[in-house]
Amino acid sequence: MRKRNLTAAGIALVSALTLAACGSGDDSDQPAASVSGGTRSEPIVTLDRPMEKPDLVLTDTEGKKYDLIEQTKGHPTLVYFGYTHCPDVCPLTMNNIDVAMRQLPKAEQDDLRVVFVTSDPERDTPAALKKWLGGINKKFVGLTGSFDTIQAGARSVNIGIEKPVKKKNGDVVSTHGAQVLLSSPKDDKIHWMGMQDAGVDHYSKALPKITKGQNP
Amino acid sequence: MNRRTTLAAVLALTAGFALAGCGGDSAPELKVSGAYLPQPVDQSMAGAFMVVENSGGTADKLTSVTSDLSDDVTIHTTKNNKMEQVKSLDIPANGKLELARGGNHLMFMGLKKKPAEGQTVNVELHFATAEPIKVQVPVRSATYVPKNGGGQGGDKAGDGGGSGHGGAADHGSMQHGGSQHEGSMDDHAQHHAEK
């Protein structure tokens, strides 16, 4: 982390210098064009200390109450915090999971719970979530509710999301979580995390193990 | 040799500053490569990625984008998992601007149709200085990530377009499995043409 920060700072510094030289100070809030991390972790990490699932009671895509802990009990479960007005990482993550999930035997597909919790509940109504998730996999569960509740749930599993901010130009700035939480059907605890660079192949390899509660 | 390289670097740096500082007379020379648009979930929005290389001695900026896919195309950055619209993105002299998964991207809102894998989207990039560039952007699968980039497995700084976010490390208190691999992720980037 430190190393990555330093690299980023270095790049930002160079960028800032360049910008200063160009006299475009008005762009100083822009990041460097590309920030490359020096160290990378495993795409799917096994946690040293498993975590409890977030204790979230929210509303599903049918407008019904959904108790995350209660309704995923005994099932291998994937939880991701994201939002539908997201052209890049959120659909990529959910599509990666979808493609990998379809490679599982039918019974295991039915056993698996994939839960998408919105980090932008104001825009992601049950209907909006239903439409968007339906475009990926109709079996995916979509949850919405009050932002504060969702944020507290995310915090309990060390996922940082921030309240969407509406800028003057009407643009809404939202955040998505960086990791996918994967829980074991054996003890209902989160033992694994899918990092943002986990692709289809990583999930395809990991899911057959995880659905059995084994380390990938 | 070393000394010469250093000197050359210093000269290049000075030249770069000088040119950038006074507008310069060596025009930016831009080339676009590796463009793709992942098949979107629905018709409401799509993102696109590419690399704009500048072999000229003057920096430029990507200032706006037009397309036959949408009348509302904006330029976005992603910092700490937070996506934000920006007015422009810099293309450094003798450098490149990377639009990659998890980072900078073009955002198309209110699509005229839902692009399907195998199709092409016409995009025109507009710059502060250089002439506009027309790019035919191929629509790839929703899970497509280029082999050398896209915030994925690139090992070399500046080569992989590393996203700079996404690791548990960003959240401080995360427990890692302990295995930190450096430079072993070549087989890591995904390439999925089908779903």
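This briefing covers one β-sheet in chain A. The model is predicted. Six strands of chain A make up an open sheet with mixed pairing. Their order is S2-S11-S10-S5-S6-S7. From one strand to the next, the twist averages 25°.

**Edges of the sheet**
- Strands S2 (44–52) and S7 (141–143) of chain A stand at the edges.
- Each has a single partner strand, so one side of each is left without a neighbour in the sheet.

**Antiparallel pairing**
- Strands of a sheet pair through backbone hydrogen bonds, either parallel or antiparallel.
- Strand S10 (residues 180–183) and strand S11 (residues 189–194) of chain A pair in the antiparallel sense, over four bridges.
- A:Ser183 has A:Ile190 in S11(A) as its bridge partner.

**Parallel pairing around S6(A)**
- Strand S5 (residues 77–82) of chain A runs parallel to S6(A), and six bridges join the pair.
- Across this pair, A:Leu78 stands opposite A:Val114 in S6(A).
- S6(A) also pairs with S7(A) in the parallel sense, over three bridges.
- There, A:Val117 has A:Leu143 in S7(A) as its bridge partner.
- Between S6(A) and S7(A), the chain passes through helix H5 (residues 126–134) of chain A. This β-α-β crossover is right-handed.

**Burial of S6(A)**
- Strand S6 (residues 113–118) of chain A is mostly covered, with six of its six residues buried.
- In a regular strand the side chains alternate between the two faces of the sheet.
- Both faces of S6(A) are covered.
- One side holds buried A:Arg113, A:Val115 and A:Val117.
- The other holds A:Val114, A:Phe116 and A:Thr118, also buried.

Conventions
Residues numbered from 1 in each chain as written. Chains lettered and ligands numbered in written order. Predicted model: local features only at pLDDT ≥ 70, side-chain atom pairs only at ≥ 80, totals over all residues. Pairing = 2+ DSSP bridges. Helix = DSSP H or I, 4+ residues; strand = E, 2+ residues; numbered from the N terminus. Axes fitted to C-alpha atoms, helices over the stretch in contact; angles between N-to-C directions. Buried ≥ 20, exposed ≤ 12 C-beta atoms within 10 Å, placed from the backbone. Right-handed = clockwise from strand over helix to strand, strands pointing away.
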